[in-house]
Amino acid sequence: MSDLRRVLHRIARSVALAAFLGLVAGYSAFYAVYPNMTVPSAGEASFGYLLILLFVTSVPAGFVTSNVQDGVVQVFLSIPFSIAVASVLSVSPIFIGVGAQADVLVYDVIHNGFFIFLLALFMDVIGGSVGLSFRERLIVRASARPPRVR
Amino acid sequence: MKWLRPADPVARVERAAWAFLGAIAVVLLLLSIASSANYTSIVVAQENVYVVPSFRVAFTGIDSNGSLEADGSVTVTADFDIVNPSDRFLHATQVTYCGWIEDLPAETGLNTSRVASDVVLVQGASSRYFFRMICPPPSMPRNPIPARGNASVVVAYSMDRRSDPPSFAALQNITDYAAHVLGSATAAPWNHWALVFLSIDGVPPATSPTAGSYILKIHLIARQVGTYLV
């Protein structure tokens, strides 16, 4: 029973982290394709802002991932989440009955944001590895420290 | 591993990391909602803003016979009432106007000298001839249009013998005909066309190479009124 609970907890954590990484990547893709619509808005998407956002979020996500296997799964699981977030954002005016065709908008955000989706995957792998290695180092350091005697 | 108690450094950092991820997720969700609302308001402005035009043609220098004198002029006053039902503040940035007068002498065969340059408008079995009288360069008003309000943009275009002698000669001929056949120099029908550009405040033009084709000019609203005759 406790094994099942542990597996379910692992799955829930991976899905939650994948959803988080998807939110970051989806927002980043939307920002890259619709820079003047996004908050904060700009005429041109800032590559530096995107890099920092993707890296800063992937490192703690990697840290709370328990192992590499889960990390790889959640990075790939984040792809549909990121596409869903970017697509929902790009068709959002349609929800109140205005705007262009949904298929055109979704195609636009996936086609033009493809590089950002790839970049997000890459940054998730790099940042996740950094976070995971930081966790391992912390565990090793904590294990090496003698227990406090009260 | 028995030394790893809940208060150990890994658990502490892990809790902090989860808190950080939660905070970032909330911030990103808020930014996404704000972006969606911003985007929606821009699209609402793009779709719902409309222009109610009215055009007034006035002549000066009409003699007692109803003919346009050599020192006379014609002034077209275009009044665009811009209705903005959206939540965005707008600015009228550019107004382009062209006005054609119906070439009645050409239609009746009394004066066919302008037929080649006239624009023919075929309506069923009949053809109407129009002479392009006024088509100045675009004007650049900076009238503000408040959110959920309306504002008027008034532009006046004048033409006389000095500014455009050939067109003025045509105008004299057409108004002469109108005065003598229809009873008034102002009776000749006009065809007005205008293109009004409005910019949406707070939306910078998209210059990003990754920007979608759909949004390259989304900061501008273009409204056309009337028919451009070619």
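Let's start in chain A. Helix α1 covers residues 2-33 and helix α5 covers residues 114-144; their axes come within 9 Å and cross at roughly 145 degrees. One caution before I go on: this is a predicted model. The crossing of α1(A) and α5(A) is right-handed.

Who makes the contact? From α1(A), we have A:Leu21, A:Val24, A:Ala25, A:Ser28, A:Ala29 and A:Ala32. From α5(A), we have A:Ile116, A:Phe117, A:Ala120 and A:Asp124. By type, that contact has 8 nonpolar residues, 1 polar and 1 charged.

Next, the two chains together. Here 43 residues of chain A are in contact with 40 residues of chain B. Take the chain B side of that interface. Its residues split into 26 nonpolar, 11 polar and 3 charged.

Now the sheet in chain B. This is an open sheet of 3 strands, in the order β1-β2-β7, and the pairing is antiparallel. Which strands stand at the edges? They are β1, residues 50-62, and β7, residues 149-160. Each has a single partner strand, so one side of each has no neighbour in the sheet. From one strand to the next, the twist averages 15 degrees.

Look at the β2-β7 pair in chain B. For a landmark, find B:Val74: it stands opposite B:Met159 in β7(B).

Last, a helix on that sheet. Helix α3 of chain B, residues 165-182, lies across β2 and β7 of chain B. Against β2(B), helix α3 runs at about 95 degrees.

Key: Residues are numbered from 1 along each chain as its sequence is written. Chains are lettered from A and ligands numbered from 1 in the order in which they are written. This is a predicted model: local features need pLDDT of at least 70, side-chain atom pairs count only at pLDDT 80 or more; totals for chains, interfaces and linings use all residues. Axes are lines fitted to C-alpha atoms, for helices over the stretch in contact, and angles run from 0 to 180 degrees between N-to-C directions. Helices (H or I, at least four residues) and strands (E, at least two) are DSSP runs, numbered from the N terminus. A crossing is left-handed if the near helix is turned anticlockwise from the far one by less than a right angle, and right-handed if clockwise. Two residues are in contact if their C-beta atoms, placed from the backbone, lie within 7 Å. Ala, Val, Leu, Ile, Met, Phe, Trp, Tyr, Cys and Pro count as nonpolar, Asp, Glu, Lys and Arg as charged, and the others, Gly among them, as polar. Two strands pair if DSSP finds at least two bridges between them.
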